[in-house]
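Please work through the exercises below with the sequence and the three-dimensional model at hand. Each task is followed by a solution in steps.

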Amino acid sequence: MSLMGSSVAELFSAIDKLRAELLNNVEVLTDCQRVEGEISHGEILSLIENVILGIVTSLSKDEAPFLALPDRSNWANISFDSAIGLRMTLGSSVTTIRSDCPSSVTKFAQILKIFVVIYKLVQSNSYATKRFFVVNSHFEKITKLATSKGLISGDLCYMEEDGTRIDCRSCSAAAAVSSNIAGIRNIVSHAKFIMIVEKDATFQRLLDDDFCTKLSPCIMITGKGVPDVNSRLMVRKLWDTLHIPILALVDADPHGIEIMCIYKYGSVSMSFEAHSLTVPSVMWLGLLPSDLQRLRVPEDVLIPLTKRDESKLSSLLKRPYLASQPEWQKEMELMQQSKVKAEIQSLAAIAPDFLTNIYLPNKLRYGGWV
Amino acid sequence: MLREIQQVLRFVQLLGKRRQQSGLNVKGGLLVLVWTETGPSVQSLNCAVAAAGPWCIGINMKALQPDLKECMFPCACPCLPPDPEELCAFTDLYGSLRLLLTFQMKDASPEWCARIETFLHTYSLANAKIKIHFKFKFSQQTFQRDFSVKIKNKAGGNQRPPECVKKGCWCQGGHPVLGDRLPLSIPPAAMDQGLFGELSIQAVTLLSPCVLQYPNLPTQLTHIQVLVYGPSNVPVTGPSTFFQNLPAHLDCQEVGLHGLHCSSFKDLVHSGGTVYTVEQENCEDPEQESSPAPIRQSLLLYIFLQHSDPFTYQLSDMMATEVLIERHLEDILNNNKQAVTKAVQTELKNTLKAQNQRKKNQQKMRSAAEVILGSSLSIVSSSSNMDFRNACLHSMKMSDTYDLSASLRESLRRVTSWKFTPKNICYSAQVEEYPESDEPTRTEI
């Protein structure tokens with residue numbers, strides 16, 4: 001099939017229809033609502049001062065200070081909201097970090113040190129990356145963290161807070177996802193859809209195949225596996241600004257499905273920030289387990305599910321958000337029954353350019369998402 | 001005189017063993033009464049050793065005399081029995097006497113009183129529930145000391161809790177830890193004298209005082225005392241050259257110590273066994289010096305000699321074997337030098353592992369405390385919120401951030417150092433607000 005021979009209208013008719021549906025069904029946060037959720041500088045300073053006062057008060061009573069944090073790793077603290085995704089519920093279990101216990105005192109000190117940095121940043125109305133926190137907090141171990149690991153390419157221009165202009169329209173190279181998503185302004189895009197790509201390898205392959213030109217106008221973004229906060233914020237930002245369909249291209253395996261769920265519904269650890277990180281309208285474009293059968297992907301590129309895969313798949317099927325996604329459930333049950341998984345690269349076994357020239361265009365044209 | 005007392009104790013303990021009675025589990029009392037008698041030309045020391053209570057049930061003194069005396073006290077001279085009134089208080093406590101042996105020593109060695117005291121104290125450290133009463137009467141003056149283990153298995157102590165333990169509990173004493181058993185080979189010279197069978201040593205360690213309930217308290221090991229006991233659980237007398245020289249063969253670094261030095265002979269006489277002084281590391285950090293003073297601990301290393309020989313079953317043979325073991329002890333230890341040294345090294349290492357981890361934890365706590373204090377004070381100092389600043393100062397009853405800094409530092413150090421975590425294995429006596437003063441007649445481990 002020649003992409004050049006199809007009209008743009010035909011190519012994107014299904015996408016446009018999806019967009020219209022989304023705009024009708026999905027709650028769109030207005031700027032006012034977004035501002036409502038934000039916290040003022042004064043409130044941040046107050047919160048930190050309250051923590052310090054708590055510590056001083058404990059010491060004045062000859063009691064060892066401790067910090068009580070909501071347990072971000074406990075599913076008992078999580079509830080599902082179809083409009084937001086996974087969100088943290090207050091009043092559930094907490095983790096206590098004590099100052100008089102060798103196993104937790106370092107963490108206690110680290111948290112306070114971070115508070116100092118935040119306090120000073122807020123006072124001076126500036127921002128810093130996580131790397132700044134680590135390098136400046138004089139901890140024994142300095143971990144090397146990338147500021148932001150995601151990449152983005154396609155019909156998109158914007159300006160960062162410091163005035164830097166970012167143009168993602170380069171065909172050969174992608175732009176790094178910004179470190180300061182909140183500071184992005186003047187977003188300009190005519191993209192019809194955004195495609196989230198699970199793996200960097202697939203993203204690079206699509207770049208090399210000039211996907212963004214062939215399916216222009218569109219935006220492509222990858223978090224290189226499990227997305228960091230900035231990548232998720234970027235996807236959310238694009239949704240809030242452009243209100244265009246967001247389609248996920250992940251491997252047909254439990255890990256890929258989980259990554260897609262993170263973009264769509266959020267993670268347990270970041271559930272307290274769900275309202276700014278999740279995009280419940282994300283659709284699963286591929287690689288679907290049903291695609292493997294439909295396309296007759298050669299068996300020698302199919303991989304049997306491991307025990308770990310089966311366990312993860314079972315766990316995913318029990319997640320609270322799956323109840324509202326019967327199509328996803330069907331696909332996952334199909335994977336459970338077939339007991340096989342496949343990477344996106346397995347489509348190359350059909351034809352070298354199958355992914356870019358056949359699979360994705362057909363999927364987009366005929367609405368092959370769930 | 002010490003030998004005689006030692007023999008009596010061996011006699012009673014071995015009798016109890018033969019009757020399948022473990023000395024550790026059976027109560028009783030032992031009275032050692034010494035009094036002076038001024039004769040026509042010389043002053044002599046008379047000694048009476050009496051035993052009563054369940055631990056010596058079955059002893060028939062009439063049947064055992066006079067062979068027993070000859071066997072046990074070949075060098076002793078007979079003497080008059082003690083004043084019955086002296087024995088009354090003892091029998092009132094423990095019932096009728098099961099054993100009463102008296103003898104006279106004409107040429108007592110110097111410091112005999114201290115040696116007996118030390119011996120009895122050492123004996124009591126390994127023999128629970130035998131209460132020992134030592135009484136010496138001289139020219140109308142009476143000196144008396146009582147020895148006993150206060151709490152079975154938990155080794156109650158008389159260590160006064162530190163002053164900072166105002167509330168909460170203090171574990172009196174320590175917790176014996178059973179170490180490994182080491183078989184020993186009997187040297188030819190001892191075999192020639194008739195020592196056969198299987199010989200081994202069983203190590204037990206006891207760190208005192210116990211600070212398990214105060215996991216953040218700094219501790220400092222100051223002394224290690226090695227006590228050696230014969231197969232009847234009676235202490236071996238006399239200093240041991242082997243143990244005196246042992247520190248030179250120990251790898252102190254592996255154990256986690258800077259060094260060990262054997263104490264002077266004089267100290268050995270008074271303390272029993274072999275005592276090592278632990279070399280302390282020089283503290284260059286003034287911050288560390290100002291920390292709560294470390295709790296000084298001492299380590300007791302019990303070495304129990306165990307012997308079995310199916311051909312030795314007569315009481316007199318068993319007692320003779322014990323005497324042989326003691327006589328050839330240096331030879332035995334030297335014959336097994338490498339193994340014994342390694343065994344002692346292992347016991348010390350195992351005991352001090354927890355101590356060394358405690359030190360590491362304390363360093364971690366100290367580093368973190370600096371960050372906690374620095375961060376808190378940084379926010380207080382840089383805050384423009386007067387209500388917050390005043391609340392912090394008022395809370396600690398300070399007038400400025402400089403005083404606040406010192407006050408917070410001291411408070412944090414206090415609350416973290418004296419963190420109390422109750423332990424089931426600890427004997428947690430409530431600390432009295434006004435502790436009683438020491439009574440000179442009562443000594444307990």
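The model is predicted, so local features need pLDDT of at least 70 and side-chain atom pairs count only at pLDDT 80 or more, while totals for chains, interfaces and linings use all residues. Residues are numbered from 1 along each chain as its sequence is written, chains are lettered from A and ligands numbered from 1 in the order in which they are written, and side-chain values use heavy atoms, with hydrogens and water left out.

**Exercise 1. The interface**

Task: Determine how many residues of chain B are in contact with chain A, and what area is buried between the two chains.

Solution. 

Step 1. Contact means heavy atoms within 4.5 Å. On this basis, 27 residues of chain B touch 28 residues of chain A.

Step 2. The size of an interface is often given as the accessible area lost when the parts come together. Buried area is here the accessible area (1.4 Å probe) that two parts lose on being put together, summed over both. Between chain B and chain A it is about 2400 Å², and carbon and sulfur atoms give 70% of it. I372(B), I379(B) and V415(B) supply 22% of the area that chain B buries against chain A, more than any other three residues.

Step 3. A salt bridge is a side-chain nitrogen of Lys or Arg within 4 Å of a carboxyl oxygen of Asp or Glu. Two salt bridges are found across this interface. R414(B) forms a salt bridge with D62(A), with the closest N and O atoms 2.7 Å apart.

Step 4. Helices (H or I, at least four residues) and strands (E, at least two) are DSSP runs, numbered from the N terminus. On the side of chain B that touches chain A, α13 (337-382), α14 (386-395) and α15 of chain B each supply at least two residues. The most comes from α13(B), with twelve residues.

Step 5. That side of chain B divides into 13 nonpolar, eleven polar and three charged residues. In this division, Ala, Val, Leu, Ile, Met, Phe, Trp, Tyr, Cys and Pro count as nonpolar, Asp, Glu, Lys and Arg as charged, and the others, Gly among them, as polar.

**Exercise 2. Aromatic pairs**

Task: State how many aromatic pairs the whole structure holds, and characterise two of them.

Solution. 

Step 1. Rings of Phe, Tyr and Trp (its six-membered ring) pair if their centres lie within 6.5 Å; planes under 30 degrees apart count as stacked, over 60 as edge-to-face and the rest as tilted. The search finds ten pairs over all chains.

Step 2. F12(A) and F193(A) form a tilted pair, with 6.1 Å centre to centre and 45° between the planes. The pair links distant parts of the chain, 181 residues apart: F12(A) is in the loop between α1 (8-11) and α2 (13-25) of chain A, and F193(A) is in strand β10 (residues 193-197) of chain A.

Step 3. Buried means under 20% relative accessible area, exposed over 50%, and partly exposed in between (1.4 Å probe, protein chains only). F12(A) is buried because its relative accessible area is 0%; F193(A) is buried at 0% as well.

Step 4. Y214(B) and F420(B) form a tilted pair, 5.3 Å centre to centre with 50° between the planes. Y214(B) is buried at 3%, whereas F420(B), at 30%, is partly exposed. Y214(B), W418(B) and F420(B) form one aromatic cluster.

**Exercise 3. A lysine and its surroundings**

Task: Where does K214(A) lie, and is K214(A) buried or partly exposed?

Solution. 

Step 1. K214(A) lies in helix α8 (residues 211-214) of chain A. K214(A) counts as partly exposed because its relative accessibility is 33%.

Step 2. A polar atom of the K214(A) side chain lies 2.9 Å from the backbone oxygen of D209(A).

Step 3. The C-alpha atoms of K214(A) and P361(A) are separated by 8.9 Å, although the two residues are 147 residues apart along the chain.

**Exercise 4. Backbone geometry**

Task: Which peptide bond to P217(A) is cis, and what is phi of H243(A)?

Solution. 

Step 1. Most residues other than glycine have a negative phi, and most peptide bonds are trans.

Step 2. The bond from S216(A) to P217(A) is cis, with omega near 5°. In chain B, the bond from S208(B) to P209(B) is cis, with omega near -5°.

Step 3. Phi of H243(A) is near 50°, a positive value in a residue other than glycine. H243(A) is in the loop between α9 (229-242) and β12 (246-249) of chain A, and is buried at 18%.

Methods
Polar contact = N/O pair within 3.5 Å; in protein donor to acceptor, adjacent residues only side chain to side chain.
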